[in-house]
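Here's a quick briefing to read with the structure open. Have a look at the picture first, then work through the notes.

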Amino acid sequence: MSCPICERDTEVAFRPFCSKRCADVDLGRWVNGSYAVASRDPEDVEAAFEAVLQENAKPH
Ligand SMILES: [Zn+2]
């Protein structure tokens with residue numbers, strides 16, 4: 001089984017992801033409603049992660 005975000009080997013603690021980072025990316029995609037962008041391009045993963053960070057940095 002591989003991480004659905006980056007396709008690296010998964011870590012038991014973060015199943016089905018390889019790391020908290022990828023779990024956060026996945027969560028961010030859902031939160032931002034952009035999950036339809038099913039790209040696994042590493043640059044897109046990076047962009048999605050940045051989007052999560054920016055979203056979390058916003059005042060609520
Ligand atoms: Zn991953």
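C18 is buried in this predicted model: its relative accessible area is 12%, and the cut-off for buried is under 20%. C6, at 25%, comes out as partly exposed. Both cysteines hold the zinc ion through their SG atoms.

**The zinc site**
- Four SG atoms coordinate the zinc ion, those of C3, C6, C18 and C22, at 2.3 Å.
- What geometry does the site of the zinc ion have? The site is tetrahedral, with the angles among the four donor atoms running from 101 to 120°.
- Along the sequence, the donor residues follow the spacing C-x2-C-x11-C-x3-C.
- C6 and C18 both sit in the segment before helix 1 (20-31), so this pair ties together parts of the chain that are twelve residues apart in sequence.

**The fold**
- How many helices and strands does the protein have? The secondary structure amounts to two helices and zero strands.
- Of the contacts in the protein with a separation of 6 or more, 25% are between residues 24 or more positions apart.

- The protein has 60 residues, and 23% of them are buried; C18 is one of the buried residues.

Key
Residues are numbered from 1 along each chain as its sequence is written. This is a predicted model: local features need pLDDT of at least 70, side-chain atom pairs count only at pLDDT 80 or more; totals for chains, interfaces and linings use all residues. Side-chain values use heavy atoms; hydrogens and water are left out. Donors are N, O and S atoms within 2.8 Å of the metal (3.2 Å for Na, K and Ca); water is not among the atoms, so sites may look incomplete. Four donors count as tetrahedral if all angles lie between 85 and 135 degrees; four count as square planar and six as octahedral if opposite donors are over 155 degrees apart and all others between 65 and 115; anything else is irregular. Helices (H or I, at least four residues) and strands (E, at least two) are DSSP runs, numbered from the N terminus. Buried means under 20% relative accessible area, exposed over 50%, partly exposed in between (1.4 Å probe, protein chains only). Contact means heavy atoms within 4.5 Å.
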